[in-house]
Amino acid sequence: FMAVRAISDDATNDLPPEVLAILGPTGSVRAGAVAGALWKRFSSAKDMYRSVLNDSASFHDAWFGLGDAAYELTAYDESARAYGEYVKLRPTVASGWQRLALALGKAGRVNGGLVAATRLRALHPSLADGLEAWLRKLPR
């Protein structure tokens, strides 16, 4: 689930504040070091995303990243909370509903997962099919 966004910058403008919050004042010079430090270290990634969200709770990509990091650490309730915040900010993005349904299912909250899968079906029906079948097989 962990995804890293590539940022292209021709150095003619300052980086956006949400990017600077992740990379620090030296900008893209530190990008490689940050990516290397976070690779497969999901607890560090969670800390980074929380730091970004302390400065800007509306930074939707940080909610998505926090959900991914928590999911990888099997902190499924925390993952579901983060994806829930993401879909509040980006309700038309299918991947948010898909990840929310997965996290809720893994957390044992099958009914909530099915609700998220229903929202996913409205956006991307083919993604919802297998997910709903998986959720229905889980104990309630």
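Me: If contact means heavy atoms within 4.5 Å, what share of the contacts in the chain with a separation of 6 or more comes from residues 24 or more positions apart?
Reply: The model is a predicted one, and its chain has 8 helices and 0 strands. Among the contacts with a separation of 6 or more, the share accounted for by residues 24 or more positions apart is 47%.

Me: How many of the residues of α6 are buried, and which helices do they pack against?
Reply: Buried means under 20% relative accessible area, and for the chain of 140 residues the buried part comes to 40%. In α6, 10 of the 13 residues are buried, so this helix is largely enclosed by the rest of the structure; among them are Trp97, Arg99 and Leu104. The buried residues of α6 pack against α4 (60-72), α5 (76-89), α7 and α8 (125-137).

Me: Are α6 and α7 roughly parallel or roughly antiparallel to each other?
Reply: Helix α6, residues 94-106, packs with helix α7, residues 110-123, at an angle of about 160°, and their axes lie 8 Å apart. Angles over 145 degrees count as roughly antiparallel, and α6 passes α7 in a left-handed crossing. The two helices α6 and α7 are therefore roughly antiparallel.

Me: How do the residues of the contact of α6 with α7 divide into nonpolar, polar and charged?
Reply: On the side of α6 the contact is made by Ala94, Trp97, Gln98, Leu100, Ala101 and Leu104, while α7 contributes residues including Gly112, Gly113, Arg119 and Leu123. Gly counts among the polar residues and Arg among the charged ones in this division. The residues of the contact divide into 10 nonpolar, 3 polar and 1 charged.

Me: What distance separates the end C-alpha atoms of α6, and what span should its 13 residues have?
Reply: The expected span is 1.5 Å times one less than the number of residues, and α6 is followed by Gly108, whose phi is positive, near 85°. For the 13 residues of α6 the span should be 18 Å, which agrees with the distance between its end C-alpha atoms, 19 Å.

Me: Is Leu114 buried or exposed, and which residues does it touch?
Reply: Leu114 is found in helix α7, and with a relative accessible area of 16% it is buried. Between Leu114 and Ala133, which are 19 residues apart in sequence, the C-alpha to C-alpha distance is 9.6 Å. Not counting residues up to four places away in sequence, Leu114 touches Glu132, Leu135, Arg136 and Arg140.

Conventions: Residues numbered from 1 in each chain as written. Predicted model: local features only at pLDDT ≥ 70, side-chain atom pairs only at ≥ 80, totals over all residues. Heavy atoms only, no water. Axes fitted to C-alpha atoms, helices over the stretch in contact; angles between N-to-C directions. Helix = DSSP H or I, 4+ residues; strand = E, 2+ residues; numbered from the N terminus. Parallel < 35°, antiparallel > 145°, perpendicular 65-115°, else oblique. Left-handed = near helix turned anticlockwise from the far one by under 90°. Contact = heavy atoms within 4.5 Å. Buried < 20%, exposed > 50% of the residue type's maximum accessible area, 1.4 Å probe, protein only.
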